[in-house]
Amino acid sequence: MRLPEDTFATLRERILAEVDLGREMADEEVAHLIAEHVDDYAHEHMMTLREREALEQSLFHSLRKLDVLQELLEDAEITEIMVNGADKIFYEKRGCLYESDKHFSSKDKLDDVIQQIVGYSNRMVNEASPIVDARLPDGSRVNIVLAPISIDGAAISIRKFSKKPICMEDLIHMGSISREAAVFLENLVIAGYNIFISGGTGSGKTTFLNALSQYIPREERIITIEDSAELKLIDKPNLVRLEARNANTEGVRPITIRDLIKTALRMRPKPHHYEIVRFRA
């Protein structure tokens with residue numbers, strides 16, 4: 001049973017009308033409020049238990065999460081999500097592209113979700129600055145382009161990352177690299193050689209850099225410089241993470257990769273000092 005969009009919107013408005021705006025309501029309170037309204041609706045329209053649970057989840061995602069994107073974000077097998085305006089959502093799963101059967105209820109709802117996403121990274125996107133890179137709380141990488149730059153409506157690209165970072169041993173087992181090459185690279189890292197990792201979009205540069213970082217001795221100081229923070233270095237206690245910043249219409253000046261490299265030179269630039277500079281492709 002697919003609920004008509006106007007009915008869903010009506011239920012959502014009824015719930016919003018009862019939300020206490022004078023304080024921050026916990027997720028559990030909002031979920032309980034949703035369950036009460038869905039229970040009333042279900043008694044009138046003969047819904048099954050599964051349909052009720054699905055409706056409660058959709059309403060909760062709409063009110064507290066990223067709406068129709070939330071289910072895709074929670075699917076561990078989905079690696080990328082692409083939004084082409086309010087009506088078209090695509091995703092990559094197991095290396096294949098699919099079109100989602102869900103879409104945003106309106107352009108305004110898509111705009112709300114976009115502002116929620118950029119808010120996670122304390123960034124801004126608007127007509128004056130219509131392109132932004134951001135990230136979600138789970139580390140997923142996000143690129144947003146607003147209309148009219150994106151002609152058919154706002155475009156969102158979300159690159160998800162595994163909750164468990166892939167290590168070099170995993171890459172060896174997958175056949176992505178030979179053990180001999182891994183040992184050679186380990187020696188280069190320990191010796192402090194300059195190493196450049198390049199490749200096309202989605203080719204695995206960040207994944208490989210994360211795996212390579214495991215060879216950096218634990219006692220060394222590490223500084224990472226990124227345009228949008230994505231690296232997940234494990235068991236590195238002396239770690240400083242720096243992230244570039246875009247300018248905005250409120251007068252906040254940009255902090256560029258060049259600025260961060262200059263700053264890093266003043267942060268104990270000794271022989272045993274690792275700087276990881278990652279440019280996004």
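These are my notebook entries on what I looked up in this structure.

**Entry 1: ground rules.** I am working with a predicted model, in which local features need pLDDT of at least 70 and side-chain atom pairs count only at pLDDT 80 or more, while totals for chains, interfaces and linings use all residues. Residues are numbered from 1 along each chain as its sequence is written, and side-chain values use heavy atoms, with hydrogens and water left out.

**Entry 2: overall make-up.** I looked up the secondary structure and found nine helices and nine strands, where helices (H or I, at least four residues) and strands (E, at least two) are DSSP runs numbered from the N terminus. The C-alpha trace spans about 70 × 50 × 40 Å along its principal axes. Of the 281 residues, 39% are buried; here buried means under 20% relative accessible area, exposed means over 50%, and partly exposed lies in between, with a 1.4 Å probe and protein chains only. I also noted that, among contacts (heavy atoms within 4.5 Å) with a separation of 6 or more, 47% come from residues 24 or more positions apart.

**Entry 3: the open sheet.** In what order do the six strands of the open sheet stand? I read the order as β3-β2-β1-β6-β5-β4, with antiparallel pairing; two strands pair if DSSP finds at least two bridges between them. Because β3 (96–99) and β4 (131–135) are at the edges with a single partner strand each, one side of each has no neighbour in the sheet. From one strand to the next the twist averages 15°, taken between axes that are lines fitted to C-alpha atoms, with angles running from 0 to 180 degrees between N-to-C directions.

**Entry 4: the nonpolar cores.** I next looked up the nonpolar cores, each a set of buried Ala, Val, Leu, Ile, Met, Phe, Trp, Tyr and Cys residues joined through side-chain atoms within 4.5 Å. The largest has 27 residues, of which Leu 69, Phe 104, Ile 144 and Ile 156 touch the most other members. Elements giving two or more residues to this core include α4 (69–73), β1 (78–84), β5 (141–145) and β6 (155–159), but the largest share, five residues, comes from α5. Leaving aside residues up to four places away in sequence, I found that Ile 156 touches, among others, Ile 81, Val 83, Leu 110, Ile 114, Val 142 and Ile 144. There is also a second, separate core of 17 residues, which includes Leu 171, Leu 185, Leu 188 and Val 189.

Entry 5: In helix α9 (residues 257–264) I noted Ile 257, Leu 260 and Ala 264 as buried. They cover an arc of only 60° around the axis, which puts them on the same side of α9, the arc being that of the directions from the helix axis to the C-beta atoms.

**Entry 6: backbone exceptions.** Most residues other than glycine have a negative phi, and most peptide bonds are trans. Asp 67, in the loop between α3 (49–64) and α4, has a positive phi of about 55° although it is not a glycine, and it is buried at 9% relative accessible area. Arg 94, in the loop between β2 and β3, also has a positive phi of about 55°, but Arg 94 is exposed, with a relative accessible area of 66%. A cis peptide bond joins Ala 147 and Pro 148, with omega of about 5°, and Pro 148 lies in the loop between β5 and β6.

**Entry 7: cysteines.** How many disulfides does a search of the whole structure find? I got zero, with a disulfide taken as a pair of cysteine sulfur atoms within 2.5 Å. Cys 96 is partly exposed at 37% relative accessibility, and Cys 167 is partly exposed at 27%.
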